[in-house]
Amino acid sequence: VNNRKRIGAKLKKEIGAKLQEEHQKEQIKCVKQMGALVDHPDAGLVNFSKSVMKSFQFENKSNPAKYHEYLTASIPDRIKILKAGSSVVTEQPNWDQYAYFKKELRKLMKKMSEDEDLKRFFRYDVGNATDLARSCRFIAQRIVQGRHEDGTEGMKKVKADKQRRLKKISGLEEYAKVFIPPQIRIKITDNITFNDLDVLPVYSDLENETLENLDIPDVLTYNYIDVNFVNIIRENQLARAIALSEEEQNHIKCDCHSDQESLIPCYENDACPCYIMNKKLMKFQVDNGEEPVKFKTFEPITFNNIKNAFYNHVSFACSELCKCSGKCSNNPLFLISKRIFPIQIHRVNSLVGFQPFSPVFIPAGTPVALFTGELISREYLNEKDVDYSYQITYDNDAKWRAFVLSMRNQFSEEYVQILVHLCSLNYYINPKHHGNIGRTAGHSCVSNMDMMKIYQKSLTPAHANLMMFTLEDIFPGTTLTIDYGYAFADKLHSFCKCGTFACINNPKGEPFETLNSFSVCILK
């Protein structure tokens with residue numbers, strides 16, 4: 001019996017080691033295939049299908065050799081590369097605390113002045129009173145709802161809220177602080193993306209930190225990618241759906257064009273297939289007596305209902321497959337492709353880690369970035385990666401299944417069948433090993449950004465873009481944050497460091513704990 005136990009334990013250990021070895025080989029192969037895509041976009045088992053990928057993937061790498069060296073390096077070697085490239089940067093002697101923001105604003109304004117679309121259509125200003133009131137109300141409801149680990153219970157509390165007189169609360173000033181970059185900073189890299197058109201510098205602004213004691217954690221060494229990708233061997237059903245989506249019958253694209261307009265008027269054009277699909281998806285929004293949210297290029301996005309906000313607010317946008325090339329009024333992602341906001345990643349608290357912050361003003365309702373990573377079903381999602389991942393589809397989704405079935409007259413029968421099958425699976429975007437700026441967006445109990453789903457080209461999970469947009473006006477020096485949701489809520493009680501007045505771990509938060517959404521809205 002003892003011999004059997006010893007043999008069993010040895011065999012179990014050997015199998016575990018073999019599985020770990022295979023997993024490491026798969027990771028290395030995946031990284032190498034991603035590197036190959038720089039020169040050969042159709043290579044490898046990692047699928048960046050032409051029907052899914054964006055036109056700005058892997059472009060303008062000014063130093064391909066350096067990029068390949070970093071991409072194929074191990075995590076310890078990547079840390080060494082980042083440390084070797086780190087430097088101390090110092091502002092001019094006549095530096096003042098707002099000089100940095102002024103400099104970044106000048107660069108932003110120059111970019112916008114050189115872009116005809118931005119000059120004509122993008123309103124770079126504080127939001128109007130109606131939109132700001134709606135945004136504050138939404139954030140306030142989110143705060144009240146977030147006090148409850150169960151979303152249904154939280155929604156009941158929000159619905160039960162009644163307007164009442166707010167007692168005066170002192171001490172709010174300490175929650176209105178912004179980060180002002182110090183005169184001397186440690187720059188870890190000029191550009192973690194290696195993409196000249198998507199510059200994202202990384203700084204460490206910890207007190208008393210030097211190049212000698214600089215600590216670079218493993219989490220900063222992820223592969224930076226612009227688009228989601230799929231392992232087509234593991235996710236064979238999704239891969240089949242992607243292949244079918246490339247058939248002409250299963251595409252959704254438009255022939256809209258104009259010789260007079262630089263921004264093609266696809267939105268509210270009932271002859272545009274993409275706008276028609278957008279209008280259909282707008283029906284997912286809850287009817288609360290208000291106009292549905294419009295997902296229109298350069299128009300601020302302001303949610304007007306907290307109930308199932310992520311699920312109900314879904315859109316369809318034109319793309320580069322269309323004759324308009326996505327340069328139209330039916331594409332909120334168009335602004336992201338302009339890459340005008342000089343976002344940075346920095347660290348001011350070793351417990352919180354690296355987070356994105358904006359040195360310039362960003363209006364409320366503005367698309368800021370996509371949230372990218374590996375598109376993976378729950379079956380294959382590593383438990384250690386769950387907290388990093390964002391769920392984008394839901395099993396047993398009867399409403400979406402019915403919507404897919406309504407497309408039988410447009411899509412092929414096989415494509416509809418596989419879309420229905422995919423409705424039974426939970427898909428996530430996992431950015432832990434491969435991701436973008438969204439990978440570093442931290443949690444806040446009063447988040448200033450939210451997510452929404454925008455489809456392009458077709459309707460598989462691989463055609464869904466997860467877009468981050470601002471919920472409120474972002475002022476220079478503000479950290480960009482999202483709400484990690486109910487699944488993460490039970491972990492926040494002991495260690496949340498978001499520092500907001502409504503933080504679930506705020507030792508001074510007692511005056512705010514009993515406020516309803518109307519009162520919180522006034523504070524906002």
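Predicted model: local features only at pLDDT ≥ 70, side-chain atom pairs only at ≥ 80, totals over all residues.
The fold is built with 17 helices and 19 strands. Among contacts in the chain with a separation of 6 or more, 77% are between residues 24 or more positions apart.

Next, look for the largest nonpolar core, which has 109 residues. Those with the most contacts inside it are Cys254, Cys266, Leu281, Cys318, Trp400, Leu459 and Met467. Take Leu281 as an example: setting aside neighbours within four places in sequence, Leu281 is in contact with Val314, Ser315, Phe316, Trp400, Phe403 and Tyr455.

A disulfide is a covalent bond between the sulfur atoms of two cysteines. How many disulfides does the count come to here? The count comes to 0. Cys328 is in no disulfide, and the nearest cysteine sulfur, that of Cys318, is 3.6 Å away. Cys328 counts as buried because its relative accessibility is 0%. For Cys256, the closest cysteine sulfur is in Cys254, at 3.7 Å, so the two are too far apart for a bond. Cys256 is buried too, with a relative accessible area of 10%.

Finally, visit a loop. Asp198 sits between strand E3 (184–189) and strand E4 (202–204). Is Asp198 buried or exposed? Asp198 counts as buried, because its relative accessibility is 18% and the cut-off is under 20%. Not counting residues up to four places away in sequence, Asp198 touches Asn191, Thr193, Tyr224, Asp226 and Arg339.

Conventions. Residues numbered from 1 in each chain as written. Heavy atoms only, no water. Helix = DSSP H or I, 4+ residues; strand = E, 2+ residues; numbered from the N terminus. Contact = heavy atoms within 4.5 Å. Core = buried A, V, L, I, M, F, W, Y, C linked by side-chain atoms within 4.5 Å. Buried < 20%, exposed > 50% of the residue type's maximum accessible area, 1.4 Å probe, protein only. Disulfide = S-S within 2.5 Å.
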